[in-house]
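Here are my notes on the model you sent. Please read them with the structure open.

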Amino acid sequence: MDNQFNDIYRVTADSVTNPGNLKKQRFIEEQQKQLQSAIAHRPSGIAYFENMMYSGQPATGSPRVGYFCNMIPQELIAAFGAQAVRIDCGNSAAATVGEEVLSGDICPLAKASFGKFLVSESPAASCDVLIMPTSCDAKRKMGEVLNDIKPTFMFNLPPEQNHERFMSQTVDQMIRLSEFLHKHLGVRLSRRRLRDVIRQYQRRTLMIRSIQDERIREPRSLSIRDFFLIIQSSLFSMVDLDEWISHAEAVLEEMKLFSADRKNLRPRIVLTGAPMIWPNYKVLNLLEECGADVVADTLCSGAQSCVDPVVIDETGKKALIRALTNKYVYASICPCFISQTTRMNRIIDLVDQSRANGVVNHSLRLCQLFDIENYRIERTLKNKQVPFINIRTDYSLEDTEQLRVRIEAFLETLW
Ligand code: SF4
């Protein structure tokens with residue numbers, strides 16, 4: 001396998017001597033946990049998912065592969081016998097560590113994700129290898145910096161979501177990624193194992209779809225914050241997928257038995273924009289506290305990251321890799337791909353399917369991808385007479401009350 005990086009200028013990452021930082025990260029998680037404990041109706045088994053999201057995670061004997069964004073198939077990593085754990089981070093205390101070393105003028109998600117590597121005891125620091133897609137400029141450059149800390153594979157995304165033109169190049173990238181995993185994990189990719197793992201993950205897709213459908217029918221049967229916890233625990237933690245599926249099944253059964261007070265109607269919202277990653281649920285807290293229900297989302301850290309199944313037509317190794325490429329790269333609605341049409345279509349479809357009253361866009365400061373997309377989304381939805389608001393914020397809690405006022409005013413216009 002050819003090397004992606006030249007090591008001659010390798011530097012040792014500055015260690016951050018801030019013993020209080022890990023404590024602060026835990027405090028922020030605890031604060032969010034407290035806020036969620038006040039949710040009126042919660043599934044009895046929610047503690048399982050909550051515990052999985054905590055910084056300290058159970059050690060397993062298998063190697064750990066950290067990946068960023070949602071274009072990297074967990075199935076491929078699991079087929080090598082490794083734990084796949086998404087490393088994108090939503091903790092503002094980790095962002096403080098990241099900015100001490102990288103720069104203050106990059107998006108909080110990138111800073112926080114990098115910060116996780118500088119604090120021991122985090123899942124990021126315990127990964128054996130990393131995979132970074134070239135999704136935005138911050139990630140593109142961060143991959144090279146991270147390669148000084150852990151062997152990192154840069155997954156080159158196509159410049160357009162045109163599979164007729166770029167499919168073979170993207171499949172080649174997946175094959176190159178497989179070679180990287182083979183080299184570092186010392187395991188051969190078995191066709192049968194890959195097929196079985198894909199089938200196992202199809203069950204997760206089905207489960208998230210069923211919960212999503214149930215929420216569209218009755219959003220109060222599960223808070224959006226708890227739904228995000230459930231989804232994210234299967235992406236960001238060292239979860240045993242079969243165990244996760246059985247816990248999620250129990251949640252779904254409880255949801256079916258829930259009946260809400262019909263007199264108390266609440267506005268229904270479709271959420272779009274930049275990812276919201278535990279414990280950064282500030283905007284979700286505000287939307288629910290202000291009396292709205294998020295009934296669907298297009299976030300790469302929400303339901304949209306998991307609801308499309310991997311469709312298997314043939315079971316040859318290359319055909320399976322092609323099926324993964326189709327789902328993870330060519331069905332992605334991340335704005336790092338040129339055309340905005342797929343994301344726009346998804347938002348409009350979700351507004352119709354979920355009978356939403358309005359759309360909320362979450363922009364993360366210093367993430368130009370969503371900032372620039374906002375222009376067209378706002379005008380298109382206005383033409384369709386769908387109420388829309390853009391919430392531009394970062395990980396800090398300083399603007400919480402300001403945002404509350406804006407959200408309350410927006411929700412009042414929906415009735
Ligand atoms: S929005 Fe796109 S670039 Fe940003 S974290 Fe999600 S997948 Fe990655």
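This is a predicted model: local features need pLDDT of at least 70, side-chain atom pairs count only at pLDDT 80 or more; totals for chains, interfaces and linings use all residues.

1. Start with the open sheet. Four strands build it, in the order β6-β5-β7-β8, and they pair in parallel. The edges are β6 (293-297) and β8 (388-393), each of which pairs on one side only. From one strand to the next, the twist averages 30°.

2. Look at the pairing of β5 (residues 268-273) with β6. It is parallel and runs over four bridges. One detail to check there: L271 has D297 in β6 as its bridge partner. Helix α14 (residues 368-383) packs on the sheet, where it touches β5, β7 (358-364) and β8. The direction of α14 makes about 170° with that of β7.

3. Next, the largest nonpolar core. It has 121 residues. I131, F155, I269, V270 and L287 have the most contacts inside it. Helix α9 (residues 224-236) gives the most to this core: eight residues.

4. What does F155 touch, leaving aside residues up to four places away in sequence? Its contacts are M71, I72, I131, M132, P133, T134, Q173 and L177.

5. Finally, the helix pair α4 (residues 92-101) and α5 (residues 108-118). Their axes come within 6 Å and cross at roughly 85°. Angles of 65 to 115 degrees count as roughly perpendicular, so α4 is roughly perpendicular to α5. Among the residues that meet are A94, V97 and V101 in α4, and A112, F114 and L118 in α5. By class, the contact has eight nonpolar, four polar and three charged residues.

Methods:
Residues are numbered from 1 along each chain as its sequence is written. Two strands pair if DSSP finds at least two bridges between them. Helices (H or I, at least four residues) and strands (E, at least two) are DSSP runs, numbered from the N terminus. Axes are lines fitted to C-alpha atoms, for helices over the stretch in contact, and angles run from 0 to 180 degrees between N-to-C directions. Two residues are in contact if their C-beta atoms, placed from the backbone, lie within 7 Å. A nonpolar core is a set of buried Ala, Val, Leu, Ile, Met, Phe, Trp, Tyr and Cys residues joined through C-beta atoms within 7 Å. A residue is buried if 20 or more other C-beta atoms lie within 10 Å of its own, exposed if 12 or fewer, and partly exposed in between; C-beta atoms are placed from the backbone. Angles under 35 degrees count as roughly parallel, over 145 as roughly antiparallel, 65 to 115 as roughly perpendicular and the rest as oblique. Ala, Val, Leu, Ile, Met, Phe, Trp, Tyr, Cys and Pro count as nonpolar, Asp, Glu, Lys and Arg as charged, and the others, Gly among them, as polar.
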